Amino acid sequence: MNHPLRENLEVYTDGLGAWIRCTKCSQVLCRLEENWRNICRRTLLPPTKAGPLMKDLVGHFLLEQLYCPGCGALLNTEIVEEKKNGEEGQAK
Amino acid sequence: MHYIVGVDIGGTFTDCVVVDEEGRITVGKSLSTPDDFAIGAIDAVRDAARNLGLNNEDEFIQSARVFFHACTVGDNTLITRAGAKTALVATKGFADAILMMRGLVTQGLAPTEAAHISALSKPEPFVPRPLIEELTERVDYKGSVLFPLDVKEAEEIVERLMAKKIESVGLCLLWSVANDCNEKALAEIFRRKCPGIFLTLSSEAAPFIGEYERTATTVFNAYIGPKISVYLQNLRRVLKENGLSGEPLIMQAYGGVLGIEATCKNAVGTIESGPASGVLGSQFLGSLIGKKNILATDMGGTTFKVSAIRDGVIEREYKPVILRHSILSSKIWVESIGAGGGSIAWIDSETGLLKVGPRGAGAKPGPVCYGFGGSEPTVSDSDLVLGYLNENYFLGGRMRLNKESAVQAIRQKIAKPLGMDEVEAASGIFRIANSHMSDLIRKATVEKGHDPRNFVLFAFGGAGPVHSSRYAAELGIKEVIVPVTASVHGATGLISSDVVYEYGKSDHLLLPADLRRLNDDFSMLVGKAFTDLQSAGFRDGDIRITRSLDMRYRYQVHELTVPFPTGISEITENDVQEVYSHFDELYETAYGKGSGYREAGKEILTFRVTAVGVLKKPKIKSASISKRANPDVALKGKREVYFEEQRGFVSTNVYDFERLVPGTEFGGPGIVETPVTTIVVNPKDCAVIDEFRNVRIFLGA
Amino acid sequence: MTISVDPITFEILSHRLHQITLEMGTTLERVGGTVNTTQLHDYMAALYLPNGDVLSAGECMARHAACAGFAVKRIIERFEKDGGIYPHDIFLLNDPYLAAIHQSDIYMVSPIHYRDQLMGWSATFVHVMDIGAMSPGGNSPGATEICQEGLRIPGLKLVERGRLRQDVFDTLINMTRQPVMVGLDLKCEIAANNVAKARMQEMFEQYGPELIKSVSSEMIRYSESILNKRIQEIPDGLWKDRGAIETDERWNVVLTLRKKGDRLIFDFTGSDLQAKRGINLPYHATFGACFEAVVTTLGYDLPRNQGAFGPIEIVAPEGTVVNVQYPAPVSLNTTSGMKTVQYLSSSVLMQMLATSEKWKKEVMALSLGFRVARHAGVNQYGRYYVSTLLDLCGAGATSYQDGMNTGGYLTAHNVEWIESNFPFLYLFRRQLKDGGGAGKFIGGAGAEAALTVHDAPEGKVKIIAFGVAGLRNSGQGIFGGYPAAPSLLVLLEDTKVRDFVETRKYPEDLADVGGQRRLLPYCEFDLRIDDVLYIRSASGGGYGDPLERDPELVAEDLRNRLISRETAEDVYGVVLDDRSLVPDLAATQGLRKRLREKSSA
C-alpha cells in the first residue's frame, strides 16, 4: 500500500516489500523498517542560520539539517546539542 | 393632524409605519433600493400615505416627524471590506495592540470551528501593519506626560500618510483616557496639514481603559465613518427635496436615536443598530400591555436572535464582540445563532445523524418550496410539509409555495437515508430546529442570571410565530405574544424611541472614593450631555440624565453597572452609600448569595451618563374587548396539520387575522394567517386577541 | 451506524446534556473569584455515568477531561466501602497521585440521584489561588517532596446530604494564604454541581431515566466508534521522539507510538526516573496529554467522553517522571514536565497523521513551551499583591497556512490593565520580528515586552522566574521547517532607564538603556528601579523548506514587520528591490540555488 510518510517522503510497496522514497526525485532511501535519517546527507550549522534571534543558542546548540541523498530536498531541521568538544548531540 | 413616521430599511423591503394623533397605525411597504436607499424610503412613505387614504400626500409628508434607521450601511461596509483607506497612529512600541488583540481568537466562532485548532486564524485586520504609524510620546496611568509628543515626527507621519492617499485616520495613544493632550495635539497637526481627512480620536470615540479594545473601536469608527457620513448627508438631501421638513433621526445600537451630525461623529453606534429597533419596539409594546420581563426573539430566514428586557429595562452590553473584535461601545445585548426558516437540513455522512443548520439557503435560492432553484430541504420546507404554512397564501398571497417539491426534497435527502417517511423526517427537522433555539435562549439567559420561566416571549420574524410556542414551552415559559406590529417591529421601535446620547469615561477609583473627584467626573460628562441635547433643540424640561458607575469587588472580575436615581444634583456621601449597597444586592441577585467578596472592598472603573431627550410617544389606539367575540367569523377554512401530541395530522381551523376582533379566544389546535406571518397554536394551548390586536398564546392553558 | 435511540431524540438530548456542562462552566465563571476561572477557562465541568465513566466533558481543555475520568472513580472506590454515597453529598479531592495534575486543582464530585437511585455524577475542578505550599500560588521551585506542596486530599465529604460541613470547609481554607478567595472558589464549585443536579432532575422528569440512560450510552458509543474508525483508516506504524524536561537539571523522556488497527499505544519506557523537583507527572496527567493530542486533531468535532478514551493506551513505568509515585513533588509540572510530554505526544501523533492522505492537513508545528514569571510586591496603591506575567504565543505553521501570530494560549492583558494594577512601566510590547520559525509556511510570531519598575513604594518588585527553561523551548519546526526564536526572561541590570525617563527621551532600541544582560534561569530576585525586565513568549515553528516559500509572501512578511531584511535574504533566499520591496524573481531563483548548494554540500 502506498501512502505519504511526511513532506517530501512517501512509502511505496512493490513485490520486494515496503520502501521509503523521496517524492521529488523518487530516490529510494531505505526499507520502511530502517531509519531513513541515517541515509540522509547531513549538515551541522550554527543556530543563527535559522535567524538572528537564535544567537543565544550559539555555543550550546547546533542546527542539524537532513537532505535527500538524491536531489538535496530538505527533509528535516532540528536543534541538537553541541557537545563541549564540538561534536553534536545524539541523532534520532 | 400630526403624524409620527418611522421607516425601517431592510435588505429586501423598506417598511413604513405611521401613527396619527388618535393612535391609529397605518403601514406602508416598498422594495428597498440599494443603489440609493433614500428612494425606497420615500416610496414606502408614499405607500403609507396612500393606505391612509389621504388626498394630499405632500401635506402629509411635510407634517411628519420622521425617523429613519441607517439600515445596514455600517455593517455592510465592515463585512464587504468596502470602507475608507484607513491608517492608525499609535504610541511607539505599542503599534501591534490591534493585531495582537487579546488572544481569545475563538470569540464569535461556532464551537466546532473553535475546537479545530490547526485551522484557526485571526480576523483580517482593517488596518494592515504598513499603515500603522508609531509616534514618540508617552503618558502613564496617572496621566503624567512622560515623553512629550515629537512634533517633527508627527508632521512626517502626516506627510507620509497624505502621500499614500489615506482617507481616514484613527488616533489611539496609550493612556489617552487618562490624559488626552497628546492625542489632541496630534489631531491638531492633522487638521492643519490635511483639513479634509476624517479623524477619529480614541479619547473621544471610546474613552475607556484597555488599548486593544479602544484601538479596535477607533479603527472601526475610522473605517466606516466616511461612508456613513456620505450616506446620511445624501439621505437628508433627498428627504428635503421631497418635502420632508423634519430632521431625520438615526437609530443607534444601544436603542435610542441621534441626529445626523451626532451619528457621523460616532459611526460605530450604527453597527448592529437594526436589531436595536426591534427590541425597542418590544419594550414599547411591553409597556402598553404591562409586561416588564420580555424575551424578544426574532427568527428570520438565516439567523435567530434573542434579547432580554428585565423590569422594563433593556439588557445592554458595553464590550460587544463585532466580527470577532471586542469593541467599547454601548449596545443592546443580542445573542444569535444560524437558525432560521432557510436553515438547511442535512445528514452527516460519517455518523448518519440528522442535523439542521448552521448553513442556510439564504434568500436565493432559498427553500426548495420557493421555486428559485433551491434543492436542499430547509426548515420552511418542513413547515410546509407539516401543514403549518399555506402553499396558496404566503406573504399575504404574494407568493405561491410548491409543496410537492418540498416533499420530494425531504423524501430524497432526509427521509430515505434515515429509513423513515417524509412526515417523520419533517417533524424531526422541526424538533431539532426548535431545540437549537430553546438551547440558545437557555444559554443566553443563564449567562445573564435570568430564569426564562419569569419571562414572556415575544415572537417576531417571518418564521418566528410558527415555531415560538414550541421553543418557549421547552423553557417553561407560560405566554407567547405575537405582536400586531410583528411585520414592522423595527419601525415600531423607531417611532417609540427617544433621542439618547451615551457618555462614558474610565477612571479607576478605590473606595472610599473622593467625592470631589466623583462629582467632577460626572460634571464633565453631564456638561457634554447638556451641550449636545440643547443644540439638538431640547428644553431642560425634556432632558433626563441618568448617571451610573461600573463597579466590581476588588480581586474579582465581574463588573456591574449601578445607576444613581435620574437627576443631576450634586452627589452626596449618602447617595454613594446607597449605590454601593445597591451594588451588593445586584451582585447577589446576578451571581448568587455569598458570591461577592465584600471584605475585599469595592472599586469604581467607569463613569457613565445616559442623556435622554424625551420625544412625544405615539398613543396607540386600543380597541374595546368584545366578550362574546366568535372566532368562527374569522374562519377561512380547515386543513390537515401535523402535531407532535397526536403523532399525526389533525384537521385544524385556519383563521384570517384581519377578521379576528379583540377579545376573541380559541383553544388549539389552530392556525392564524396574517399577511406577513403564520401563527401556530398548539393543541394544549389557548390564544386570545388583546385590545391592541396582539395574539397572546397561553401555553398549557 | 445503528443506534437504539431514534436519531432525532439522540441529536436533541445529547446536545442538551452537553449544554448542562456548559451551564456548569458558566456558573463557575460567574461565581468564581480568580482570573484563572473567569477568563482563562482553567477549569473543568463534566457529567458522568453511575460507574464514573465520563459522559460529557463539555468544552474544557481535553487533558482535564481525561483526569476528570479518574476523579469520580476514586471517590466511588473510597466511599462505596466506607462513608456511603447519599443524595446531595458533595466530595472533594485534590491528590495528584490519584486524579489531579497538581494540588492547586481542587475537584468536587457530586452524585446525582433520581428518586433515591444513583443515576450519575457531576464534577468540577478549579485552579485555586493558593494551596498552602512552600511558595505563594502553589508552584514551588524549592520543593523536594510532595509534603512541601500544600494540602493533599485523597477524598473527603464536604457536603453531607445537602449540609455543608463548616468544620471541614474552615479547616481547608485555613491552611491557605488566601482563605477568602479559596473559599469563594469552593463555593462556586458547589454551586456549579448544584446546577447540574437541578438540570438533570428536570431531564429525568421530562424524558424519564430510561431514555436518558439510553442516550448516555449511545453518546459514548458514538464517540468511540467514530474515533476508532478514523484511527483504523490510518496506516499502521511506529513513530518515536525523545525530549527533556529542564529546570537547571535535566530529565529525559522517551516516547514510542505504536498504532495497530484502531489501537494507539503511547509507550514511555526508557524515560528517566522521577525527580526531587516538582516537574513530575502523575499517570493520569500523562494520559491526559496523549488524549489531548489525539482528540484535538483526529477528534476535534467529537464529544469528549469515555468513548474517546477507548482507543488510547499508555505504557508509563511507575516511578518515572511520567508516572510519579510517593513522595516525589509535582507542583511545577504544568509549566514544565507537562509541556515536554504534550510536545512529545503531539509530535509522534503528527508523524502518524502525516501518513494519512485524509488527516495530514492536521499536521502542525509544535511548541516545547515558554517562560513564565510571577511577580509580587507592593503596588502603587500600597497594596501587596501576587500575579503572573504571561503573554501571547505564536502558533505553529501547517502544511497549508502560516501559524497564527500572538493568538494563544487563551488570553493576555492589555498594557493599560497591567500598568493600572501593578507598579510597572512598559517600554514596549509588540509582535516579535524574526520570532516565527522560517519555512514554506512561517510560524506565528510570539510577543516581546520590556518593562521597568514605576511608582513602586518599595522601589522594587519580586520576580520568580520559572516555566520551560533552557534555550530549547518555544516552537520547533516540522518536516524541514525551522525552529522559532526561544522564549526568554532576561534581566538588564543597572541600566540607564531612569535617565531616559528623567530627561523625557524615549530609548529607541533596548540596547540604548545599557546595563548587564543576564539570561534568567529558574530563580527569584528583586527587580529594582534601575533594572529592565525583558519578556519574550514562544513563537511558532515553521513548516517545510523556507527556500520554497512564495517570494510574494516573504515580501509581505517584511512589510508586516514579521521578518527583517537579513532574514528575507539569508534564510528565505529572496532578493527584494530596496525601495519598493517587490521581489526580483530571477535573482531570487539564483540566490536560492546557491544557498541550496552551499547547505547540502
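Hi everyone, this short talk walks through a few backbone features in chains B and C of a predicted model.

Before we start, some housekeeping. Because the model is predicted, local features need pLDDT of at least 70 and side-chain atom pairs count only at pLDDT 80 or more, while totals for chains, interfaces and linings use all residues. Residues are numbered from 1 along each chain as its sequence is written, chains are lettered from A and ligands numbered from 1 in the order in which they are written, and side-chain values use heavy atoms, leaving out hydrogens and water.

As background, most peptide bonds are trans, and most residues other than glycine have a negative phi.

Let's begin with the cis bonds. In chain B, the bond from B:Gly357 to B:Pro358 is cis, with omega near 0°. B:Pro358 sits in strand β22, residues 354-360. Strands here are DSSP runs of E with at least two residues, and helices are runs of H or I with at least four, numbered from the N terminus.

Over in chain C, C:Tyr326 and C:Pro327 are joined by a cis peptide bond with omega about 5°. You'll find C:Pro327 in the loop between β11 (312-315) and α9 (337-353).

Now, phi. B:Asp311 has a positive phi, near 55°, and lies in the loop between β14 (304-310) and β15 (313-314). B:Arg324 has a positive phi too, near 70°, in the loop between β17 (321-322) and β18 (325-326).

Are these two residues buried or exposed? B:Asp311 is exposed, at 52% relative accessible area, whereas B:Arg324 is buried, at 17%. Buried means under 20%, exposed over 50%, and partly exposed in between, using a 1.4 Å probe and protein chains only.
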